Amino acid sequence: MDSSLESSTSSNGNPVRCRRTCKIIVIGDAGVGKTCLTHRFCTGQFPSRTEATIGVDFREKLLDLEGEKIKVQLWDTAGQERFRKSMVQHYYRNVHGIVFVFDVTDPTSFCNLPIWMDECRQHSLGVDIPRALVCNKADLVTSTTASVLIDQARHLAEVHGMSFYITSAKGRKGDQVDSIFVTLAQRLKSQRRESVNELVLQCRSESFSIPAKVITPQETKKKWTCIC
Ligand SMILES: Nc1nc2c(ncn2[C@@H]2O[C@H](COP(=O)(O)OP(=O)(O)OP(=O)(O)O)[C@@H](O)[C@H]2O)c(=O)[nH]1
Ligand SMILES: [Mg+2]
């Protein structure tokens, strides 16, 4: 499916606004709450029970961002090595946004973040791809150890230019969970607007060159398009 052209004409033949899909991968150690977070965002509910994700689970939600419909497709990946091996190549293809998750009650899941970041790098996902760092299970925070961890996480996010969220997939309010994905989608939307503006400028400055050379629409599309 070409997400940028999901529905290009209306019944009266007039063009309708394209609906775009953005692929966001959610990664982190096993048990940090990736499935619960994505489930919460897409259904508004904390799942009554979850099992370890095998390979990847997909969830989608349609957002209306200032009149533009954007389909957020979440790739809820497996944290356990044995369940992700065969899928890794697929996770990292045509990614528009990355969400790193750790569990505030599990310092190891925080310490392992550089491994996940490294895996992204190895699959050529650069820092230009919008990323968020999520400290999950905030409802279980009791100790001062957690606040040290949260400070360290906030710092890590700053250093790497990531947005930072403290969430609970289980909490009564899901606002913070929603913010993670809505903000990423908004950033992607504005990135696309910028790249279209760049295109306009480039076309103006190249107005005497061969028009066929201006393949930039495709390039723009490539930056923010279909994932299939
Ligand atoms: N208290 C609390 N428990 C949570 C929260 N998020 C997830 N859990 C619990 O943590 C456990 C693991 O959650 P999952 O969402 O399955 O974790 P995951 O990251 O998807 O794990 P893998 O699929 O194995 O990678 C489950 O028992 C959830 O109920 C949260 O915000 N608060
Ligand atoms: Mg899971």
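Mentor: Happy to! Helices (H or I, at least four residues) and strands (E, at least two) are DSSP runs, numbered from the N terminus. With those terms, the protein reads β-α-β-β-α-α-β-α-α-β-α-β-α-α along its sequence, with eight helices and six strands. Please keep in mind that this is a predicted model, in which local features need pLDDT of at least 70, side-chain atom pairs count only at pLDDT 80 or more, and totals for chains, interfaces and linings use all residues. Residues are numbered from 1 along each chain as its sequence is written, while chains are lettered from A and ligands numbered from 1 in the order in which they are written.

A residue is buried if 20 or more other C-beta atoms, placed from the backbone, lie within 10 Å of its own. Of the 228 residues, 31% are buried. A nonpolar core is a set of buried Ala, Val, Leu, Ile, Met, Phe, Trp, Tyr and Cys residues joined through C-beta atoms within 7 Å. The largest one here has 41 residues, and Ile24, Val26, Val99, Phe100 and Val134 have the most contacts inside it. At least two core residues each come from β1 (20–27), α1 (34–43), β3, β4 (97–103), α5 (113–122), β5 (131–136), α6 (144–159) and α7 (175–205). The largest share, six residues, is supplied by α7.

Now look at Phe100. Two residues are in contact if their C-beta atoms, placed from the backbone, lie within 7 Å. Beyond its neighbours within four places in sequence, Phe100 touches Ile27, Gly28, Leu113, Trp116, Met117, Arg131, Leu133 and Val134 in this sense.

Key:
Buried ≥ 20, exposed ≤ 12 C-beta atoms within 10 Å, placed from the backbone.
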